[in-house]
Amino acid sequence: MTVTDINTTLGEYKVLIDKALYSYFSGKNRLFDMMYYSLDNGKRIRPILVIATFKACGGSDMGVIMPIACGLELIHTYSLIHDDLPSMDDDDFRRGKASAHKQYGEAAAILSGDGLFAYAFELFTQGSGSPEQKTAVITHVSQAVGPGGVVYGQVLDTTDRPVPSPKMLRKIHLNKTAKFIAASVKCGAIMGSASQKQSDALHDAGIYLGMLFQYTDDILDITGRKERLGKTPGKDAAAGKLTAAGLYGLDGARFRAERYAQRATDGFLACGKQFQELVQITDFVLKRTY
Ligand code: GRG
């Protein structure tokens with residue numbers, strides 16, 4: 001499959017996800033409109049990973065997987081809203097437009113995030129998956145995004161001033177980004193009824209993909225253009241953040257990004273050739289420009 005083909009595939013997934021997201025938010029009230037404002041215009045990598053893994057595991061019923069996939073996008077969007085707040089990363093621009101607190105004010109932005117977080121868990125209980133599968137998803141996602149995952153990574157990255165070291169960089173990337181990306185793969189595997197062994201193996205490959213994702217994020221913060229990224233570049237260095245490019249230089253970060261991509265690829269392929277699409281998504285993440 002060529003790069004153009006995977007772009008087409010990702011575009012098709014995005015259309016499906018955007019349509020479902022719209023259906024969960026349209027025609028309700030102003031709070032839902034505010035939450036939807038922040039949701040609109042994301043790349044949808046996490047829900048795409050959920051659906052691609054689900055399908056590769058033999059799943060086909062979109063009624064099973066869509067509420068789970070969208071729930072993860074709601075949590076991700078919540079994290080972006082809170083990350084942009086003046087007390088955190090302080091960014092006025094997100095997904096190609098004014099960030100939530102610039103558009104609606106700080107209180108409304110915080111509450112939009114709160115609403116997205118809770119609504120995500122409501123979505124996890126919906127759909128035609130089994131109660132056991134839904135419980136496993138809720139267990140796994142709450143562990144990946146909570147104080148043992150994304151929140152911990154954000155604490156290290158934002159409120160602590162970590163001494164720069166490869167070990168600390170890995171800890172921040174793992175918690176802030178990789179566990180969430182791996183959880184997306186894991187949720188697809190759970191809902192696709194993969195065996196415990198296979199879903200663990202997919203999760204491990206997902207961790208490498210997540211590390212790669214944060215490496216390319218760090219690189220794009222230096223090399224990316226604002227209009228293409230849809231967010232403000234150059235913020236990491238300005239804030240004195242510990243990043244891959246800061247620690248290893250651009251070439252060192254690119255070298256390590258390629259190594260993570262190779263590890264993710266090897267991990268997905270070891271699970272079987274039906275996971276080829278996850279390999280292509282890995283390659284897209286390695287080469288991404290936004
Ligand atoms: C409980 C999930 C949760 C969060 C609370 C605010 C916070 C704690 C965490 C912020 C974590 C954060 C912003 C991590 C960065 C992850 C990252 C690389 C985001 C960019 O993701 P993309 O490129 O963005 O997928 P789009 O806009 O395309 O969805």
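Predicted model: local features only at pLDDT ≥ 70, side-chain atom pairs only at ≥ 80, totals over all residues.
**Entry 1**

Histidine 76 has a polar side-chain atom 2.7 Å from an oxygen atom of the ligand. For arginine 95, I also read 2.7 Å from a polar side-chain atom to a ligand oxygen. The ligand taken alone exposes 760 Å², and the protein buries 93% of that (accessible areas by the Shrake-Rupley method with a 1.4 Å probe; for residues, only the protein chains shown count as cover).

**Entry 2: the shell**

I found 21 residues around the ligand (near means a heavy atom within 4 Å). The closest are Lys43, Arg46, His76, Arg95 and Gln154. Which element gives the largest share of this shell? I see that α4 does, with seven residues. The elements giving two or more residues are α4 (62-84), α8 (150-159), α9 (166-191) and α10 (196-223). Helices (H or I, at least four residues) and strands (E, at least two) are DSSP runs, numbered from the N terminus.

By class, I noted seven nonpolar, seven polar and seven charged residues in the shell. Here Ala, Val, Leu, Ile, Met, Phe, Trp, Tyr, Cys and Pro count as nonpolar, Asp, Glu, Lys and Arg as charged, and the others, Gly among them, as polar.

**Entry 3: empty space**

Rolling a probe the size of a water molecule over the atoms shows where empty space is left. On a 1 Å grid over the protein atoms alone, a cavity is a set of points where a 1.4 Å probe fits but cannot get out, and a pocket is an open set with protein on both sides within 12 Å along at least five of seven lines; lining residues have an atom within 4 Å of a point. Grid points are joined across faces, edges and corners, and a volume is the space filled by probe spheres set on the points.

I counted one cavity of 30 Å³ or more. The largest cavity holds about 80 Å³, and its lining includes Tyr37, Thr77, Asp84 and Arg95. Helix α4 gives the largest share of that lining, four residues.

I then turned to the second largest pocket, with about 190 Å³ of space. Of its 13 lining residues, Asp157, Arg161, Ala239, Gly240 and Lys241 lie nearest its centre.

**Entry 4: single residues**

Is arginine 44 buried or exposed? It counts as buried because its relative accessibility is 2% (buried is under 20%, exposed over 50%, partly exposed in between; 1.4 Å probe, protein chains only). Arginine 44 sits in the loop between α2 and α3 (45-56), and its phi is near 70°, a positive value in a residue other than glycine.

Glycine 63 belongs to helix α4. I found its C-alpha atom 6.0 Å from that of serine 128, 65 residues apart along the chain.

Terms used: Residues numbered from 1 in each chain as written. Heavy atoms only, no water. Polar contact = N/O pair within 3.5 Å; in protein donor to acceptor, adjacent residues only side chain to side chain.
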